[in-house]
Amino acid sequence: MKILIVEDEKDLAKIIKKKLERENFTADVVFDGEAAIDKTIVNDYDLIILDIMLPKKSGLEVLEELREWKDKTPVLILTARDSIKDKVKALNMGADDYLTKPFAFEELIARMKTIFRRGVKEHSNILKNGDLVLNTINYTVNRGNEKIDLTSKEYSLLEYLMRNRGHILSRAQIEEHVWGYMSGNNTNIVDVYIRFLRKKVDENYQNKLFETVRGRGYRMRSFKDE
């Protein structure tokens, strides 16, 4: 899942990014409110971690602008401002949660996962497609009765494909969402990892999940949950 961190304390922002990446998230970082708006215009995020006290545009101004655009990206406020008045104001403006500094990283992750659970249509923390089952809390993957061991990037790619099953995703979209950058046509990293998934997830099964759409990208076929 792809996260935008909006935090003007650069050292803290880098620490949060590093810890999130260890938890299999992809994270972008910006240091002011205007940059945050620019990022959300050109990227789709699963969550925005947003400080309030930012240069150029405050976090609340960013939040207000996003909600005026009908942008429903979940927003978790992470700030040193701990008054009830500030918390109520942010939540009434459309924030999904509010966490004050100093904070424990374990609590940040727990709150993020709570937000994700609210937005997942599938039951609880489970994503299903046919006999493929992915648990977004403990990062386990099973197909039928078989457990499938994936690397962190393979898991991130599989989750992205599952959340967008039935839709064609370009290589650029996949690369940006899973790896956090776009390299144009200078790498075949997406093709390589699709091959890894096909070998681990598809090879020994009748229903093939991964489809190559010539000239456009990849699509995960949608099957009735078993």
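Me: Which way do L47 and I49 point from β3, and which way do I48 and L50 point?

Reply: Keep in mind that this is a predicted model. A residue counts as buried when its relative accessible area is under 20%. In β3, L47 and I49 point one way while I48 and L50 point the other way, and all are buried.

Me: Which strand do 4 bridges join to β3, and in what sense do the two run?

Reply: Two strands count as paired if at least two bridges are found between them. Strand β1 (residues 2–6) is joined to β3 by 4 bridges, and the two run parallel. To find the place in the model, look at I5, which stands opposite I49 in β3.

Me: What does β3 do with β4?

Reply: Strand β3 (residues 47–50) pairs with β4 in the parallel sense, over 3 bridges. Here I48 stands opposite V75 in β4. Between these strands the chain passes through helix α3 (residues 59–68), and this β-α-β crossover from β3 to β4 is right-handed.

Me: How many residues of strand β4 are buried?

Reply: Strand β4 (residues 75–79) has 5 of its 5 residues buried, so it is mostly covered by the same cut-off of under 20% relative accessible area. Both faces are covered: V75, I77 and T79 lie on one side, L76 and L78 on the other.

Me: Where does the chain go from β4, and through which helix?

Reply: From β4 the chain crosses through helix α4 (residues 84–92) to β5, in a right-handed β-α-β crossover. β4 and strand β5 (residues 97–100) pair in the parallel sense over 4 bridges.

Me: What is the strand order in the open sheet of 4 strands?

Reply: The order is β6-β7-β8-β9, and the pairing is antiparallel. β6 (126–129) and β9 (146–148) stand at the edges with a single partner strand each, so one side of each has no neighbour in the sheet. Ignoring direction, neighbouring strands of this sheet are turned by 25° against each other on average.

Me: How many bridges join β7 to β8?

Reply: Strand β7 (residues 132–135) and strand β8 (residues 140–143) run antiparallel and are joined by 4 bridges. V133 has N142 in β8 as its bridge partner. Helix α6 (residues 152–163) packs on this sheet and touches β6, β7 and β8. The direction of α6 makes about 115° with that of β7.

Me: At what angle do helices α7 and α8 pack?

Reply: Helix α7 (residues 171–179) and helix α8 (residues 189–202) pack at about 80°, and their axes are 9 Å apart. Angles of 65 to 115 degrees count as roughly perpendicular, so α7 is roughly perpendicular to α8.

Me: Which residues of α7 and α8 meet?

Reply: R171, I174, E175 and W179 in α7 meet I189, V190, D191 and Y193 in α8. The residues of this contact divide into 5 nonpolar, no polar and 3 charged.

Terms used:
Residues are numbered from 1 along each chain as its sequence is written. This is a predicted model: local features need pLDDT of at least 70, side-chain atom pairs count only at pLDDT 80 or more; totals for chains, interfaces and linings use all residues. Side-chain values use heavy atoms; hydrogens and water are left out. Axes are lines fitted to C-alpha atoms, for helices over the stretch in contact, and angles run from 0 to 180 degrees between N-to-C directions. Angles under 35 degrees count as roughly parallel, over 145 as roughly antiparallel, 65 to 115 as roughly perpendicular and the rest as oblique. Contact means heavy atoms within 4.5 Å. Ala, Val, Leu, Ile, Met, Phe, Trp, Tyr, Cys and Pro count as nonpolar, Asp, Glu, Lys and Arg as charged, and the others, Gly among them, as polar. Buried means under 20% relative accessible area, exposed over 50%, partly exposed in between (1.4 Å probe, protein chains only). A crossover is right-handed if, with the strands pointing away from the viewer, the path from the first strand over the helix to the second runs clockwise.
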